[in-house]
Amino acid sequence: MKRILTALCLLSLLAAHAQVIDVTSTAPYSPYIFGMNLEHTRSAVNGGLSAQMLKNRKFAGKPAANLGLCSKWFPIGRRVLYMKDNAAAYTRHISLPKMHRWNERSAQVIENLSEGTMAGMGQHHLGIVVGRKYDLRTVTRVDKPVSLTVALTDRTGQRVYASHTISLEPADQWTVSEFTLIPAASDDDADIRYTFTQQAELIVGALSMMPHDNFHGMRSDVVENLKKIGPTLIRWPGGNFAGEYRWKDGLLPVDERAPLQAYTEIETQPHTDGYDYHEIATDDFIALCREVGAEPLLTINLAWQSPEESAQWVEYCNGNATTEYGKIRAQRGHPEPYNVRFWSLGNEMGYGHMEGPNGPDGYTDYALRHADAMLAVTPNLNLFASGPYPNDEWAAKSAARMAEKVKYISLHDYYGPTAFSGGGLHYTTPEKTRVTYDAIVQSAMKTDRLVQRMRQSLDQTGQQLHISFDEWNQWYAWYRPSCVGDGIFAARMIHYFLNHSNTMDIPVVCYFQPVGEGAILVSPTESRLTAIGQVFSMMKAHQGGFLCPVADNDDLSTAATLNDGLLTVTLVNEHYDEPRTFTFPLQGTAIEAVVYTAADVLPYSYFQPMPLAVQREKKSLTAELPPHSVAMIKVRLRK
């Protein structure tokens with residue numbers, strides 16, 4: 001025994017980092033620490049997950065000055081009159097309880113003032129691929145017979161890649177026309193042009209263009225990348241946008257769903273002029289969750305939705321076909337209940353950017369009315385409370401009051417160097433690059449202090465309350481290009497939740513957010529994993545395993561799980577320019593080892609996966625990681 005201890009001490013001295021993984025004291029942990037947010041903000045859905053290629057296709061907002069043409073569209077023709085017509089709108093709402101946003105519903109009017117001359121409108125910046133099939137749809141009305149040509153062209157309109165002409169006749173109803181275009185060439189900056197030459201009035205209610213291979217209106221390539229990062233739970237539709245969402249509108253056909261104007265406007269919808277176009281509804285979201293293997297977490301609109309409407313949403317998701325809303329779901333092609341178990345009672349209530357009651361007493365009064373109505377439909381729901389946590393006053397006046405019915409309390413936090421904190425991101429010199437990198441990766445170390453405060457605040461209530469850490473990321477990371485430093489930060493955060501979710505009682509964790517704003521970079525014609533996405537894809541290997549305690553792990557460098565004799569170990573070398581050696585006293589054989597490394601940490605950097613050499617020295621395994629890298633080793637343990 002003395003010789004063994006001496007050998008272990010010697011190994012510790014020789015190696016930069018020696019750790020003991022206890023494979024005899026494993027414990028299960030919540031699968032939902034690998035959760036994600038899919039919030040209708042910025043580029044997560046519009047311009048991200050949604051397969052819809054046309055911007056402002058339902059003509060929301062005010063028209064351009066002195067022109068009358070809606071945002072994102074350009075005019076075609078010399079003597080053309082454009083007008084917005086709210087009264088003629090094709091889109092509509094089912095539910096509008098006290099919540100009215102002007103200019104959500106409208107139609108675009110185009111009047112050609114001269115027979116035989118061209119009139120119409122178009123849109124730039126479409127990315128099209130040669131030979132790919134695109135499904136298009138127009139919803140129109142005319143006062144005279146019109147031949148409407150829809151063409152995919154280059155930016156000048158001179159080169160036509162594909163076109164289709166629709167013969168429109170006057171009618172009392174809207175005319176819906178569906179057709180397919182297959183471009184003869186690829187173009188990253190193509191136009192779509194809608195033109196006619198008759199002296200007539202054309203009213204456009206909605207337009208649509210999507211790749212034929214879309215999944216429930218979502219991009220199939222983005223869905224495949226979501227599968228790669230392995231979310232076990234997805235929170236939707238917000239976040240902040242939960243306060244704008246009206247779930248019943250999702251029962252309408254997608255073209256008829258009126259756009260939803262965001263209260264916080266540019267913060268939530270900067271490149272869609274403050275509007276969401278409601279491309280994804282409840283049925284689509286559930287289909288996505290099932291496709292990627294994730295549990296759904298729905299956030300209700302607490303400010304503007306009545307308790308009865310919240311209960312009806314629960315019934316739509318969970319009721320059998322004999323209930324009022326379960327029958328509606330069944331008639332829409334989904335006879336089996338969705339069995340949604342997780343529901344959040346609003347988002348970030350208590351902050352000025354959210355509408356509704358902002359004090360703990362007022363919020364609790366509202367939330368309990370919704371909770372009672374929802375639990376009357378499905379008694380075993382897991383309900384989540386919102387608020388500015390950690391906050392002792394909210395814990396005492398809100399969480400404690402709701403504890404009999406609401407066991408999960410949301411915690412949100414964002415990290416890293418920002419202008420808010422007097423820092424910022426600076427990469428123009430090696431010295432600045434290192435400072436920025438260190439600030440990003442070290443910010444993960446504040447997580448434990450925050451969680452300890454939250455845990456203490458909730459424990460003071462005397463109630464058994466779980467922490468749902470359902471938003472985390474670098475602050476404003478969604479507005480800038482990602483980099484390897486963000487990936488190292490994400491790896492340390494995941495390690496924290498793996499190692500501490502049991503002791504700190506954090507059964508739910510959601511990253512903000514994967515699509516278009518963090519883990520998956522989306523362009524018009526393709527998508528790929530960022531360094532953050534690569535880390536999530538690697539860490540997915542821990543799912544389904546049992547957690548192993550790791551000694552000497554305060555720096556969040558290591559996580560280990562055991563599954564049927566196979567030990568999965570992930571490692572993080574956060575050092576900017578120094579390699580790091582890890583040594584583990586283990587009886588087993590490394591059957592797989594990969595390291596994700598990078599030449600630099602600048603914006604737009606990615607990891608390069610490479611084989612990792614794992615040395616066996618007597619009864620230990622040793623591996624050296626290069627600077628700013630992450631690694632995974634799978635070890636088949638000896639029985």
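Helices here are DSSP runs of H or I with at least four residues, strands are runs of E with at least two, and both are numbered from the N terminus. The model is predicted, so I kept to its limits: local features need pLDDT of at least 70, side-chain atom pairs count only at pLDDT 80 or more, and totals for chains, interfaces and linings use all residues. Residues are numbered from 1 along each chain as its sequence is written, and side-chain values use heavy atoms, with hydrogens and water left out.

**Entry 1: helix 3**

I started just past the end of helix 3. Glycine 230 sits there with a positive phi of about 70 degrees. Then I went back into the helix, residues 220-229. Which of its residues are buried (under 20% relative accessible area; exposed is over 50%, partly exposed in between; 1.4 Å probe, protein chains only)? I listed Val222, Val223, Asn225, Leu226 and Ile229. Down the axis of helix 3, these buried residues fall within an arc of 160 degrees, so they line one face of the helix. The arc is taken from the directions from the helix axis to the C-beta atoms.

The partners include strand 2 (35-37), helix 2 (45-49) and helix 4 (282-292). Strand 22 (520-522), strand 23 (527-529) and helix 12 (531-539) are also among them.

**Entry 2: helix 5 and helix 7**

I took helix 5 (residues 307-318) with helix 7 (residues 360-377). Their axes come within 8 Å and cross at roughly 30 degrees. Axes are lines fitted to C-alpha atoms, for helices over the stretch in contact, and angles run from 0 to 180 degrees between N-to-C directions. That makes helix 5 roughly parallel to helix 7; the term covers angles under 35 degrees. The crossing is right-handed, meaning that the near helix is turned clockwise from the far one by less than a right angle.

From helix 5, Pro307, Ser310, Ala311, Val314 and Glu315 meet Arg369, His370, Ala373, Met374 and Val377 of helix 7. By class, I noted 6 nonpolar, 2 polar and 2 charged residues in this contact. Nonpolar covers Ala, Val, Leu, Ile, Met, Phe, Trp, Tyr, Cys and Pro; charged covers Asp, Glu, Lys and Arg; the others, Gly among them, are polar.

**Entry 3: helix 9 and helix 11**

Helix 9 (residues 430-442) and helix 11 (residues 484-500) have axes that come within 8 Å and cross at roughly 20 degrees. That makes helix 9 roughly parallel to helix 11. This crossing is right-handed. Tyr437, Ile440, Val441 and Gln442 of helix 9 meet Gly485, Asp486, Ile488, Phe489 and Arg492 of helix 11. The contact divides into 5 nonpolar, 2 polar and 2 charged residues.

Most residues other than glycine have a negative phi, and most peptide bonds are trans. I looked for exceptions.

- Glycine 238 and glycine 239 are joined by a cis peptide bond, omega about 10 degrees. Glycine 239 is in the loop between strand 13 (233-236) and strand 14 (260-261).
- The bond from tyrosine 389 to proline 390 is cis, with omega near 0 degrees. Proline 390 lies in the loop between strand 18 (382-385) and helix 8 (392-402).
- Lysine 72 has a positive phi, near 85 degrees. Lysine 72 is partly exposed, at 32% relative accessible area.
- Glutamate 348 has a positive phi, near 50 degrees. Glutamate 348 counts as buried, at 11% relative accessibility.

Note on methods. Angles under 35 degrees count as roughly parallel, over 145 as roughly antiparallel, 65 to 115 as roughly perpendicular and the rest as oblique. Contact means heavy atoms within 4.5 Å.
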